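Here's a quick briefing on one protein model.

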Amino acid sequence: MPQRSDIHVNAPLTNFALQFRNRAFVAQEVFPILPVVKESDIYYTFSREELRNVQSLRVAGALAKELEWVPGTSTYTAEEYALRHLLPDRIVNNSDIPVRPRMNTVSKLMKWIMLAIEKNVQAVAQNSTNSVATVAASPKWDGTSPTIEKDIDTAKDSVRNNAGVEPNAIVLAENVKDVVKRDTTLRDLIRYVINVGAGNQGLLMNGELPPVLFNLAIIIAGATEDTSRLGATSVIAKIWGDSVPVFYRELAPSLDAVTWGYQMRVENPVIRAYRDEHRKGEWIEASVLQAEELVTSNAANLIVDVLS
C-alpha cells in the first residue's frame, strides 16, 4: 500500500499565506494632512483681541478710539522618515509565489513608517500639555455610575470657550470604546434612536458605537506595537492609552481656520527601487517627508485616565 509521502510532495499553498495585521492607523484622522512646499516655514497666527469689550462710543466731533492688533507666527520643521530593504536576486528568483518579495517589502516598509507617525501623533494627542485643559473622569468610566456624557460635555464646552468652534471629533482607544458602548445610559440613548434608520440598527446589532456621538465623529484607535527588542519574545501593547481627546479638526485647510494639528506634508509616500550590483540585488526604499505639528492647544480638551 503506497504511503502518503509516496504519492504527494508537500509544496506551498498558492491560495493562502498567514500574515498578521495591525489595526487601522488613525493619525491622519486626528491630524489631517496639509500639503506644504518647503521643509520649514512659518505660518501666521491671530489672537482673539476682539473678545475684549472696549469702549467704542464717542461724542460728536471726537476721534474714534484707536486700537491695534499684530499677527504672530509659528514655525514647522519637517523630518524625513525613510527605510529600505535589500532583495538579493537569488531570493527573488527562488521565492515561491505566495512570498511576493517586492510587494511584501513595500507593504512592510510603509507599515513601519506609518507606525512611527502614529506613535508621534499619539504622543502629542494624549499629552495634557497639548490641550487647553483637562477633565478628570470621576467616577471612572468603567466604575459605578460613570458620567460619560457630562465629562464629554465639559470637554466640549472648554473647546468652545477657548477656540470659538464646536468640537467635532473624539478619540477612543479600543478598550475605552468597549467600556463606552456597554454603558447602560448610552445604550438607552442608542436604543431610543434605533428606528431612525437601518444604519443605526446595523451598528447596534454589530455591537459597536455609531460613527457620530454627541455631534462628535468617533475615531477608534486600535493600533498596536511590539515593544520587545529585536529577536526577543514579542510583547504586544496598545499605542493609544485611556485618555480621551475631544477636539476640533479642520478637514479642509484654509486661511483663517482653526485646527488642533496638521501633518505638514512636504512629500507624500514615495517608493524607490535601485540596483546594488556589488550585492547582486535591488534596494526597495520607502520615505515620507513631513512634520506632525500641534497648531493650537486651544482646540482640544483631554479627558484623562478614564479607566481604572
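A polar contact here is a pair of N or O atoms within 3.5 Å; within protein, one must be able to donate a hydrogen and the other to accept it, and residues adjacent in sequence count only if both atoms are side-chain atoms. With that rule in hand, look at Thr259: a polar atom of its side chain lies 2.9 Å from the backbone nitrogen of Glu250.

Some ground rules. This is a predicted model, where local features need pLDDT of at least 70, side-chain atom pairs count only at pLDDT 80 or more, and totals for chains, interfaces and linings use all residues. Residues are numbered from 1 along each chain as its sequence is written, and side-chain values use heavy atoms, with hydrogens and water left out.

**Thr259**
- Thr259 sits in the loop between β11 (244–247) and β12; helices (H or I, at least four residues) and strands (E, at least two) are DSSP runs, numbered from the N terminus.
- Is Thr259 buried or exposed? Its relative accessibility is 3%, so it counts as buried (buried means under 20% relative accessible area, exposed over 50%, partly exposed in between, with a 1.4 Å probe and protein chains only).
- Not counting residues up to four places away in sequence, Thr259 touches Tyr248, Arg249, Glu250, Val295, Thr296 and Ala299, where contact means heavy atoms within 4.5 Å.

**Pockets**
- On a 1 Å grid over the protein atoms alone, a pocket is an open set of points with protein on both sides within 12 Å along at least five of seven lines, while a cavity is a set where a 1.4 Å probe fits but cannot get out; lining residues have an atom within 4 Å of a point.
- Grid points are joined across faces, edges and corners, and a volume is the space filled by probe spheres set on the points.
- The largest pocket holds about 930 Å³ of space, and its lining counts 32 residues, with Tyr44, Thr45, Asp256, Ala257 and Val258 nearest the centre.
- β2 (40–45), α5 (148–163) and β12 (261–276) each put at least two residues into that lining, and β2 gives the most, with five.
- Sorted by class, the lining of the largest pocket has 19 nonpolar, eight polar and five charged residues (Ala, Val, Leu, Ile, Met, Phe, Trp, Tyr, Cys and Pro count as nonpolar, Asp, Glu, Lys and Arg as charged, and the others, Gly among them, as polar).
- The second largest pocket comes in at about 810 Å³, and 21 residues line it, with Asn22, Trp112, Leu115, Thr224 and Asp226 nearest its centre.
- α4 (101–125) and β9 (224–226) each supply at least two residues of the second pocket's lining; α4 gives the most, with four.

**Cavities**
- How many cavities of 30 Å³ or more are there? The count comes to two.
- The largest cavity has a volume of about 50 Å³, and β6 and β8 are the elements that give two or more residues to its lining.
- Ile152, Ile170, Leu172, Val180, Leu209, Leu213, Phe214, Leu216 and Ile218 line the largest cavity: by class that's nine nonpolar, no polar and no charged residues.

**Sheet**
- Six strands form an open sheet in the order β5-β14-β11-β6-β8-β7, with mixed pairing; two strands pair if DSSP finds at least two bridges between them.
- β5 (133–136) and β7 (212–213) are the edge strands, each pairing on one side only.
- β6 (residues 169–173) and β8 (residues 216–221) run parallel over five bridges, and Leu172 has Ile220 in β8 as its bridge partner.

- Ser138 and Pro139 are joined by a cis peptide bond, with omega about 0 degrees; Pro139 lies in the loop between β5 and α5.
- Asn215, in the loop between β7 and β8, isn't a glycine but has a positive phi near 65 degrees, and at 53% relative accessibility it counts as exposed.
- Asp305 is found in the segment after β14 (300–304); its phi is positive too, about 45 degrees, and with a relative accessible area of 41% it is partly exposed.

**Ala125**
- Ala125, in helix α4, is buried, with a relative accessible area of 2%.
- Leaving aside neighbours within four places in sequence, Ala125 is in contact with Val30, Trp240, Pro245, Trp260 and Leu302.
- Ala125 and Ser56 are 69 residues apart in sequence and 41 Å apart in space, C-alpha to C-alpha.
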